[in-house]
Amino acid sequence: MRIAVIGAGGIGGYVGALLAAAGEDVAFVARGAHLDAMRRDGLRLESPTGDLHLPGVMATDDPAEIGPADLVLFTVKLYDSEAAAAALAPLVGPHTRVVTLQNGIDSLDILSRFVPPE
């Protein structure tokens, strides 16, 4: 399964790292210093249940570099939802499922304007 995580912060980084450690094909969409750190150092989780370091993760700020995924985890902060949702198109193919892991009452309304209902 090809999985794209858009928003590789606390939630997206954590869930995506666990999926990658379990053997799934995971690519992360990030930006700025966070993207630079992931490209340079990989992704590191420190947790009371055990630490994890993935030294070579696929991380980009351009969803077109990833292409269509089977699953897109949409994990950006609510205030970034509009711009992030507008950038989803290259990740969504005919069988892609988009799952939001956000809280907030507007997240589904924003996302549904950019993701086909089927």
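## Second largest pocket

The largest share of the lining of the second largest pocket comes from S7, which contributes seven residues. Strand S7 (92–100) and helix H4 (107–112) each supply at least two residues of that lining, where helices (H or I, at least four residues) and strands (E, at least two) are DSSP runs numbered from the N terminus. The model is predicted: local features need pLDDT of at least 70 and side-chain atom pairs count only at pLDDT 80 or more, while totals for chains, interfaces and linings use all residues. Residues are numbered from 1 along each chain as its sequence is written, and side-chain values use heavy atoms, with hydrogens and water left out.

About 240 Å³ of space lies in the second largest pocket; of the 14 residues that line this pocket, the closest to its centre are Val98, Val115, Pro116, Pro117 and Glu118. A pocket here is an open set of points, on a 1 Å grid over the protein atoms alone, where a 1.4 Å probe fits, with protein on both sides within 12 Å along at least five of seven lines, and lining residues have an atom within 4 Å of a point. A volume is the space filled by probe spheres set on the points, which are joined across faces, edges and corners.

## Largest pocket

The largest pocket holds about 600 Å³ of space, and of its 25 lining residues the closest to the centre are Gly7, Ala8, Val76, Lys77 and Asp80. Helix H1 (10–21) and helix H3 (81–86) each supply at least two residues of the lining, with H1 giving the most, three residues.

## Nonpolar cores

Of the 16 residues in the largest nonpolar core, Ile3, Val5, Phe28, Met38, Leu43, Val57 and Ala59 touch the most other members. A nonpolar core is a set of buried Ala, Val, Leu, Ile, Met, Phe, Trp, Tyr and Cys residues joined through side-chain atoms within 4.5 Å. A second, separate core of 15 residues includes Val29, Phe74, Leu88 and Val115.

## Val15 in helix H1

Val15 is placed in helix H1 and counts as partly exposed because its relative accessibility is 27%, given that buried means under 20% relative accessible area, exposed over 50%, and partly exposed in between (1.4 Å probe, protein chains only). Leaving aside neighbours within four places in sequence, Val15 is in contact with Leu73 and Leu101, contact meaning heavy atoms within 4.5 Å.
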